[in-house]
Amino acid sequence: MGLKLCLLKIKIGEIAKLYAQGKISILAHYGELACGCCGEKIRNSQGSVYSLDYFYQLVDIEKEGWLKE
């Protein structure tokens, strides 16, 4: 995977899109999503950490969208 990019300031939808394209990597930390660059957990605006299940659902949605194009 390519870019060395800190994901903490990027919206979750954009992270899913970049991941689905194979441009970034992520870390899995006990079922939670973490930045592949700095290792910090990725949180929503309320401070909750995104789960890997939710993230992979977004990635699947991104991939399905491409298949329709």
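1. Is Phe-55 buried or exposed? Phe-55 is buried, with a relative accessible area of 0%. Here buried means under 20% relative accessible area, exposed over 50%, and partly exposed in between, using a 1.4 Å probe and protein chains only.

2. A word on the source before going further. This is a predicted model, in which local features need pLDDT of at least 70 and side-chain atom pairs count only at pLDDT 80 or more, while totals for chains, interfaces and linings use all residues. Residues are numbered from 1 along each chain as its sequence is written, and side-chain values use heavy atoms, leaving out hydrogens and water.

3. Now the core. The largest nonpolar core has 16 residues, and those touching the most other members are Leu-7, Ile-12, Ile-15, Ile-26, Leu-33, Ile-42 and Phe-55. Such a core is a set of buried Ala, Val, Leu, Ile, Met, Phe, Trp, Tyr and Cys residues joined through side-chain atoms within 4.5 Å. At least two residues come from each of α1, β2 (32-35) and α2, and α1 gives the most, with five. Helices (H or I, at least four residues) and strands (E, at least two) are DSSP runs, numbered from the N terminus.

4. Helix α1 spans residues 12-20, and its buried residues are Ile-12, Ile-15, Ala-16, Leu-18 and Ala-20. Beyond its neighbours within four places in sequence, Ile-12 is in contact (heavy atoms within 4.5 Å) with Leu-33, Tyr-50, Tyr-54, Phe-55 and Leu-58. Just after α1, Gly-22 has a positive phi of about 80°.

5. On to the rings: there are four aromatic pairs in the structure. Rings of Phe, Tyr and Trp (its six-membered ring) pair if their centres lie within 6.5 Å; planes under 30 degrees apart are stacked, over 60 edge-to-face, and the rest tilted. One of the pairs, Tyr-19 with Phe-55, is edge-to-face, at 5.4 Å centre to centre and 65° between the planes. Tyr-19 lies in helix α1 and Phe-55 in helix α2, so this pair ties together parts 36 residues apart in sequence. Tyr-19, Phe-55 and Tyr-56 form one aromatic cluster.

6. Helix α2 (residues 52-68) also holds Ile-61, which is exposed at 54% relative accessible area.

7. Last, the cysteines. The structure holds zero disulfides, taking a disulfide as a pair of cysteine sulfur atoms within 2.5 Å. For Cys-37, the nearest cysteine sulfur is that of Cys-35, 5.0 Å away; for Cys-38, that of Cys-6 is 3.8 Å away.
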